Amino acid sequence: MMNIPLNIVSTVHDWLFSIMPEGVATVTEWIIVAALYLALFAVIGLYLVLLERKVAAWFQLRLGPNRVGPWGIFQTIADALKLVSKEIYNPARVDGFLFKIAPYFVIVGALISMSVFPFSKQFQAFDINIGIFFLFSVSSIGVIGILLGGWASNNKFALIGAMRSGLQTISYELSVGLSLLTMVLLAGSLQLSEIIEVQRTGGWLILQGHIPAIIAFMIFMIAGTAETNRAPFDLVEAESELGAGFHTEYSGMQFAYFFLAEFINMFIISSIAVVLFFGGWLSPFGITEGITWFPEFLWFFIKVLIIIFLMMWFRWTFPRLRVDQLLTLEWKYLLPLNLVNLVIMAVVIWLNWTF
Amino acid sequence: MTDQKVKTKMKTEEYFVNMGPQHPAAHGVLRLLLTIDGEIIKNVEPDLGYIHRSIEKMCERDSYQQIVHLTDRMDYLSSHINNEAVCLTVEKGLEIEVSDRVKVIRTIIGELTRLASHQLWWGVMGMDLGALTTYFYAFRDRELINDIFEETCGARLTMNYFVPGGLMYDIHPNFVKRTKEFIAHFKTKLPEYDRLLTGNVIFEKRTKGVGMLTKEDAIAFGATGPVARGSGFASDIRKKDPYSAYDKVDFKEALFTEGDSYARYKVRIMEMWESMSIIDQLIDNIPEGNIKEPTKAVIKLPKGEFYQRVETARGELGVYINSTGTKNPYRVKFRSPGFSNLSVLNHISKGVKIADLVATMASFDFVIPDIDR
C-alpha cells in the first residue's frame, strides 16, 4: 500500500542519496527529520495552549482569546513572539549553570519521547522494539529539569515546588509503568507499531482486555495527569500556595520551555493512551480501512484531542489535592489496585477470556 | 550505622518564608511570616500595616457625614453594611428614629451586600483550592447584584448610599423588579454552586478537619461571623441585637458545630439561602415613609460615648464614637471582624501543611483593608 507521506519521504530519501555521499546524506536526513519534528511540536504546543484557553473559557462562561486573528488563532503565536523577544533575566545569586540548563532538560525530555509515536503507518521517526520502555525512560528526564530549576532558582517557593514535583513524579511513575505493563501483557509487544497491528485484527485493546483494561485506563489517566503536573495534581506550581512554583524565577523563553513542555507532555500522555488503549491511527470499526488516500494520522490526532479535552476538563473542574493526599492516593490506592489488576490481566489472558 | 549517627548526619532545618505582602492567596497585602519545616508550618505570624490608611484618625478630622464615606474603604465587600453601622451610631446619638421604609430598604440592601460578598468568597475559596472555574461562576451572579446597586446609588464598590438620618435618595423604580428577578435567578444558581464544589470529594478532603477551631477558642479570640458560627458559637448580631428591620423578619441563624473549614463553608452557603429568604419576606411590601429624617447640615453629636454593632458579611463590626459635642468626633474606633478573626490564625495553623493554611485562610474570608484600617 503506497501512501502519500511514504511517497514524499522516499522521494526525498532517493534524491538526497543521489546528490551527496552516503554519510552526508544520512546526516542531512536526520537533520531534516529533526527539524520537521521540532516544527510539529512547536505547532502542537502552541495550539494546545490556545485550545486550553478556549476550553477554559467555555467552562468559565468567557469568550477566550478572540482578538488576534479569527477565533484568536494567532494569539499564542503573538504570545510566543513576545516571549522570544523578552530578555532572559537571571536573578541575583542563582546557580547560573543549572538555572540555564534546567529548561532544556524539560523540553528535550518531552521532544525525544515524541519521536517514537506512530502517527500513522508511515509517519514514525524510528520504530524501536522497546518503544514503550524507551518512552517511559525518556519521559522521566523532565523531572530532572524541574528539580534543577527549582533548586537553582535560589527561591524557597521554587524549591518547595521542585521537591513536590520530585515526590509526585517518582510516585506516579510507578502507576503509569504498571498500567502500561498491564496493557503490554495483553498486546504481547513493547514495539508501538506491533501494538497497533495487534489491534487491527482483534479490536482496540480497551475492548479486548475489557474490565482490567478499563481499570488500567482509569489508573493511567489519573497517574498521567499527575505525571504532567496538571490540575488536580498541579501542586508543583500551585499558584495559590507557591506563587508559580518551580518556575517562579524564570522569564522569557526559559519560562516558555517549561510552559510548552507541559503541553507537549500532555500530548505524550494522551498519545500513549491512544496507542495502548484506542488503536492508535486505526479508524474506529475500520471505516476508512480500504481508502488508501485517507490520511490515517487524522484518526490519531482526533483521538488524542478527545483525551486531551478530557484532561482539560479535569483541570477546570477539580480542586487541587494536598501533598499528603496525593501520596496516599498513589501508595495506598492506585499502586495496590494496579498490582491486583496486573494479576487479573494475566489470568484473563491465561484463560483466554479476551475478546 | 546507629540511629544516633543517622540523626547527626541527616540534619533538617526549619526555614522562614514570607507569604505576602504580594501573594496570590492573601487577597491583598497581608504578610504572613511562616516558619516551615518541609511542608509543615511551625509558626504563622501575620504582619500588618501594608494598607494602613489611618481611617480612625481621619475620622477625627471629618464631619459625621464624611465618616460614612471612609467606612466604604474598610471592608469594601460589605460597604453598605459598614455605612449602615456608622449611620446607626450617629442616629443613636442624635436620637433619630428613621422611618420603616428606610429600615426595610437598609435591610434588603444589607442582605444583597451579604449575598454579593459571599458569592465572591465562594469563587475565591474555590480558586484558592485550585478549582479556578468557581471564580467566574460567582462573578456571573455577583454582577447582577452590582447592577442593582449601580442603578440605585450609582456605585458598584464604594456605595455611600446610607447617610445619617436615612438614605441619600429613594430606590430606583426598577429596584424591586430587578431584585426579584435576581432572587429568582440565584435560587436556581445556588444549587449549581453545590454541584460544582460542595460535594466534590477532593474539596471535602481538603476542607474537612482542616483549620479546627473550637467553640472555646472562637470565644476567647473574639472571633465572630461565619468563623464563629462554624464552631457553634451563636454570634449573629442580627439575632442577638437586631437593628433596622431584622426584628421583623423570620430567619434561621446558620450554625454548625464541627469547627473546620468545611463547616465555615456550609455556614456561608446557608447564609446565602437565609439572605434570599429575608429579601423575599421584605421585597413585596416596602412601606411608604420618609427617605430621610431631617438633620442639621452640620451634625453635632451630644457629649458622650455611642456604640452600635452590626453583622457584616465577615462578622461583628462595632462602631464606637466618643463625642465632645463638636462637629467632629473626639475619637472613633472600629471593631472590625477581620482583625479578631485573623488573630485565630496562628493558634490553629501550627503543625498543618502549607496547603491547609491556604484552605483555612480561604474559609476565613479575609478582606485585608478591613483588618488594617
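## Where the two chains meet

In this predicted model, 23 residues of chain A are in contact with 26 residues of chain B. On the side of chain A that touches chain B, the elements that give two or more residues are helix 11 (239-242) and helix 14 (323-350) of chain A. The residues on that side of chain A comprise 10 nonpolar, five polar and eight charged ones.

## The overall build of chain B

Chain B contains 15 helices and eight strands, and its C-alpha trace spans about 85 × 50 × 35 Å along its principal axes.

Of the 373 residues of chain B, 51% count as buried. When the contacts in chain B with a separation of 6 or more are considered, 70% of them are accounted for by residues 24 or more positions apart.

## A buried helix in chain B

Helix 14 of chain B covers residues 354-364, and because 11 of its 11 residues are buried, this helix is largely enclosed by the rest of the structure. The buried residues of helix 14 of chain B include I354(B), L357(B), V358(B), M361(B) and F364(B), and also among them are D356(B), T360(B) and S363(B). After helix 14 of chain B comes D365(B), a residue whose phi is positive, near 60°.

Methods
Residues are numbered from 1 along each chain as its sequence is written. Chains are lettered from A and ligands numbered from 1 in the order in which they are written. This is a predicted model: local features need pLDDT of at least 70, side-chain atom pairs count only at pLDDT 80 or more; totals for chains, interfaces and linings use all residues. Two residues are in contact if their C-beta atoms, placed from the backbone, lie within 7 Å. Helices (H or I, at least four residues) and strands (E, at least two) are DSSP runs, numbered from the N terminus. Ala, Val, Leu, Ile, Met, Phe, Trp, Tyr, Cys and Pro count as nonpolar, Asp, Glu, Lys and Arg as charged, and the others, Gly among them, as polar. A residue is buried if 20 or more other C-beta atoms lie within 10 Å of its own, exposed if 12 or fewer, and partly exposed in between; C-beta atoms are placed from the backbone.
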